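Q: Hi, could you walk me through this one with me? I'd like to go residue by residue and then zoom out.

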Amino acid sequence: MTREIGHRPAALQLLRWYIDMGVDTATSDTPADWFARSERPKPSPFSDNRQIRQRNDTAPPQRAQIAKTSSRSGSETPMAPDAAVMTARENAKSAASLDDLRESLAKFEGCGLKATAKNMCFARGNAEAQIMLIGEAPGRDEDLQGLPFVGRAGQLLDKMLAAIGMSEDNAYITNIVYWRPPGNRTPTPQESQVCRPFLERQIELVDPKIIVFLGGAAAKQMFDTTDGIMRLRGKWRTYSTGEHDYRAIATLHPAYLLRTPAAKRHAWRDMLAIKLALDAE
Ligand code: URA
């Protein structure tokens, strides 16, 4: 007992370190001893399928293993990236309303991020809005509440909107991926691409006058460019879903502005350009 209490500060420090590193979510209810697992003998190339399945069941979730589809035998097998994008396109295209789209996305198994997320974050705000803001990915608070931009970055985003006389009553807010990436890492191109048909359909169904991409990850992915956000921001472009063209602009991500307050002057300029464009509509 005394020894346990003696270990507590070290355990707390370790937990704090994990949280700082972004490891703040349990992916399973039972602890796993990965060290013990790595000591297991390698399976022989002649192992039967049952052994292979057992190994996969206990291995840490690999991205390719998480996007799943049902095989004819009923067991779950990974969905190949191309198949996942094709399924996403078909499902998204057939959604006649935002409710349909949300339902279809909730059933979609082609994005590996779903396996570790607690909730899907579809959107918040007004679906009749003239402006649609698209960020990178849900974070911890968003994952817990199932809504985009509700944490610290979201609070700053609300202030940025308020500075041009707007709020979620007349703005529609979402992200390029609908589930939180573990540890808040940037979504991979594959994760973004597999969500993109849903996002493009969401854009068409909201049909905003103006789209604002928040931050480099969203701007690069949606404008299909490797240019950095400092080069991309503040310039009007056309974003096409294939069906429709939209006026679009990128600005700095509120999370970046929290870390780099001096950059707020650029974001302010972008917000004024957005206000002018909305007033002209
Ligand atoms: N950052 C984002 O890009 N999106 C969110 O929803 C929250 C933080």
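Q: Where does arginine 124 sit?
A: Arginine 124 is in strand S3, residues 124-125. Helices (H or I, at least four residues) and strands (E, at least two) are DSSP runs, numbered from the N terminus. This is a predicted model, so local features need pLDDT of at least 70 and side-chain atom pairs count only at pLDDT 80 or more, while totals for chains, interfaces and linings use all residues. Residues are numbered from 1 along each chain as its sequence is written, and side-chain values use heavy atoms, with hydrogens and water left out.

Q: Is arginine 124 buried or exposed?
A: Arginine 124 is buried, with a relative accessible area of 9%. Buried means under 20% relative accessible area, exposed over 50%, and partly exposed in between (1.4 Å probe, protein chains only).

Q: Which salt-bridge network is arginine 124 part of?
A: Salt bridges link Arg124, Asp158 and Glu168 in a network. A salt bridge here is a side-chain nitrogen of Lys or Arg within 4 Å of a carboxyl oxygen of Asp or Glu.

Q: And which backbone oxygen does the side chain of arginine 124 reach?
A: That of proline 148, at 2.9 Å. This is a polar contact, a pair of N or O atoms within 3.5 Å; within protein, one must be able to donate a hydrogen and the other to accept it, and residues adjacent in sequence count only if both atoms are side-chain atoms.

Q: What else is arginine 124 in contact with?
A: Leaving aside neighbours within four places in sequence, the contacts of arginine 124 include Leu147, Phe149, Gly154 and Tyr172. Contact means heavy atoms within 4.5 Å. The C-alpha atoms of arginine 124 and tyrosine 172 are 6.1 Å apart, although 48 residues separate the two along the chain.

Q: Back to salt bridges: how many are found in the whole structure?
A: The search finds 10 salt bridges.

Q: What does aspartate 224 do with arginine 196?
A: Aspartate 224 forms a salt bridge with arginine 196, with the closest N and O atoms 3.2 Å apart. Aspartate 224 lies in the loop between helix H10 (216-222) and helix H11 (229-232) and arginine 196 in helix H9, so the pair ties together parts that are 28 residues apart in sequence. Aspartate 224 is exposed, at 61% relative accessible area, whereas arginine 196 counts as buried at 13%.

Q: New topic: which residues touch the most other members of the largest nonpolar core?
A: Of its 66 residues, Phe122, Ile131, Leu133, Tyr178, Trp179, Ile203 and Phe213 do. H9 gives the most to this core, with six residues. A nonpolar core is a set of buried Ala, Val, Leu, Ile, Met, Phe, Trp, Tyr and Cys residues joined through side-chain atoms within 4.5 Å.

Q: Last one: where is histidine 253?
A: Histidine 253 is in the loop between strand S8 (245-251) and helix H12 (254-259). Histidine 253 is buried, at 14% relative accessible area, and its side chain reaches the backbone nitrogen of alanine 255 at 2.9 Å.
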